[in-house]
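Some questions and answers on one protein model follow. Look through the sequence and the structure before reading on.

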Amino acid sequence: MDARGGPVTNVMTVDVEDYFHVSVFDGVIPRSDWERLESRVCANTSRMLDIFAEYGVRSTFFVLGWVAERFPELVKRIAAAGHEVASHGYGHRLVYDQTPAAFRDDVRRAKALLEDASGARVHGYRAPSYSIVPRSLWALDVLIEEGYTYDSSIFPIRHDRYGIPVSGRHAYVLERPGGRMIEAPASTITLGGMNLPVAGGGYFRLLPYEWTEWGIARVNAAESKPAIFYLHPWEIDPEQPRLPCGLLSRIRHYRNLDQTESRLRRLLADFSWGPMRAVLPSFEPDRVAAGADAALPYVW
Ligand SMILES: [Zn+2]
């Protein structure tokens with residue numbers, strides 16, 4: 001329930017990329033191989049669009065510029081179905097592995113491709129593997145300068161590759177030298193003083209469905225806040241070609257792929273969902289009044 005006693009609208013998001021773009025394959029699959037690998041992103045995203053239509057759910061799709069460049073029709077179809085098109089950057093390079101200049105080129109190129117294909121302004125950005133961390137916070141200034149108004153890249157958890165555990169758990173306004181923007185992090189719950197992820201990706205596939213269900217219900221009921229959930233098209237594709245990787249990556253990437261679609265259907269039926277624009281106070285951070293939600297948890 002929200003503060004007015006109605007059901008909370010949660011945010012459904014999809015990071016649109018192919019199975020070989022995933023960061024665990026960096027260094028295993030050379031980028032020069034991307035062109036010759038079998039692409040499955042259009043078929044998998046189309047299946048997701050059909051599922052969302054079946055449940056009457058609109059979502060935010062963070063589309064990789066590399067995908068938009070090759071398959072502009074896919075971006076058009078996403079926009080035509082009433083979903084929000086946002087940016088996952090161009091080349092799926094981790095933010096903290098790029099120079100600010102290279103990052104600027106990447107997010108500018110992606111935004112232009114996505115706006116051309118969708119015919120609508122792109123407001124949001126989500127970094128590959130949530131790679132905005134303490135040493136890459138400069139990226140937020142670049143995003144503001146490039147015309148993005150919200151970011152969804154700072155995961156408030158402890159993880160081996162990403163996360164800022166002390167950052168805000170719900171959407172808030174970020175004050176940066178470059179200006180203001182909204183940060184809309186993927187959802188967590190606090191348990192024993194730790195933030196634990198409850199809303200998407202590997203956590204959704206590897207843990208029982210009830211973990212996600214309980215976590216989102218808790219965010220909605222105890223905190224009267226929307227949950228922000230994320231998923232990838234390759235996660236509903238158990239037939240995808242297997243790529244070589246280590247044991248831990250194999251578990252993270254391949255386990256329970258055959259169960260994701262039925263879990264997604266349960267999730268769509270169990271909760272109320274919308275795109276980012278339905279939930280964020282405004283796409284224009286300058287118009288957001290400072291208040292309890294405008295926390296600035298940064299201590300660096
Ligand atoms: Zn990604």
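## Cysteines, zinc site, pocket and backbone

Cysteine 42 is partly exposed, at a relative accessible area of 21%. The model is predicted.

Q: Is cysteine 245 buried or exposed?
A: Buried means under 20% relative accessible area. Cysteine 245 has a relative accessible area of 16%, so cysteine 245 is buried.

Q: How many disulfides does a search of the whole structure find?
A: A disulfide needs a pair of cysteine sulfur atoms within 2.5 Å. Across the whole structure, the number found is 0.

Q: Which residues coordinate the zinc ion?
A: Along the chain, the donors of the zinc ion follow the spacing E-x70-H-x3-H. The distances run from 1.9 to 2.1 Å. An OE atom comes from the glutamate and an NE2 atom from each histidine, and the residues are Glu17, His88 and His92.

Q: How many residues apart in sequence are the parts that glutamate 17 and histidine 92 tie together?
A: Glutamate 17 is buried, with a relative accessible area of 3%. Histidine 92 is buried, with a relative accessible area of 3%. Glutamate 17 lies in the loop between strand 1 (9-16) and helix 1 (41-54), and histidine 92 in the loop between strand 3 (84-87) and helix 4 (100-118), so the parts they tie together are apart in sequence by 75 residues.

Q: Which residues lie closest to the centre of the second largest pocket?
A: The space in this pocket is about 460 Å³. Its lining holds 25 residues, and the closest to the centre are Arg161, Tyr162, Gly202, Tyr230 and Arg252.

Q: Which helix gives the most to the lining of the second largest pocket?
A: The lining divides into 9 nonpolar, 10 polar and 6 charged residues. Helix 6 (201-206) and helix 8 (247-254) each supply at least two residues. With 5 residues, the one that gives the most is helix 6.

Q: Where is tyrosine 230 found, and is it buried or exposed?
A: Tyrosine 230 touches residues including Thr13, Arg126, Phe155 and Tyr203, leaving aside those up to four places away in sequence. Its C-alpha atom is 9.1 Å from that of phenylalanine 204, a residue 26 places apart from it along the chain. Tyrosine 230 is found in strand 10 (residues 228-231). At 4% relative accessibility, tyrosine 230 counts as buried.

Q: How many residues of helix 5 are buried?
A: The buried residues are Ala139, Leu140, Asp141, Val142, Leu143 and Ile144. They pack against helix 4, strand 4 (124-125), strand 5 (150-151), strand 6 (172-176) and strand 7 (179-183). Helix 5 (residues 138-145) is largely enclosed by the rest of the structure, because the buried count among its 8 residues is 6.

Q: What is the phi of serine 224?
A: Most residues other than glycine have a negative phi. Serine 224 sits in the loop between helix 7 (209-223) and strand 10. It is partly exposed, with a relative accessible area of 34%. Although serine 224 is not a glycine, its phi is positive, at about 50°.

Q: Where is asparagine 256 found?
A: Asparagine 256 is a residue other than glycine with a positive phi, near 65°. Its place is the loop between helix 8 and helix 9 (257-270).

Methods:
Residues numbered from 1 in each chain as written. Predicted model: local features only at pLDDT ≥ 70, side-chain atom pairs only at ≥ 80, totals over all residues. Heavy atoms only, no water. 1 Å grid on protein atoms, 1.4 Å probe; cavity = no way out; pocket = protein on both sides within 12 Å on 5 of 7 lines; lining within 4 Å. Points joined across faces, edges and corners; volume = space filled by probe spheres on them. Helix = DSSP H or I, 4+ residues; strand = E, 2+ residues; numbered from the N terminus. Nonpolar A, V, L, I, M, F, W, Y, C, P; charged D, E, K, R; others polar. Buried < 20%, exposed > 50% of the residue type's maximum accessible area, 1.4 Å probe, protein only. Contact = heavy atoms within 4.5 Å. Donors = N, O, S within 2.8 Å, 3.2 Å for Na, K, Ca; no water.
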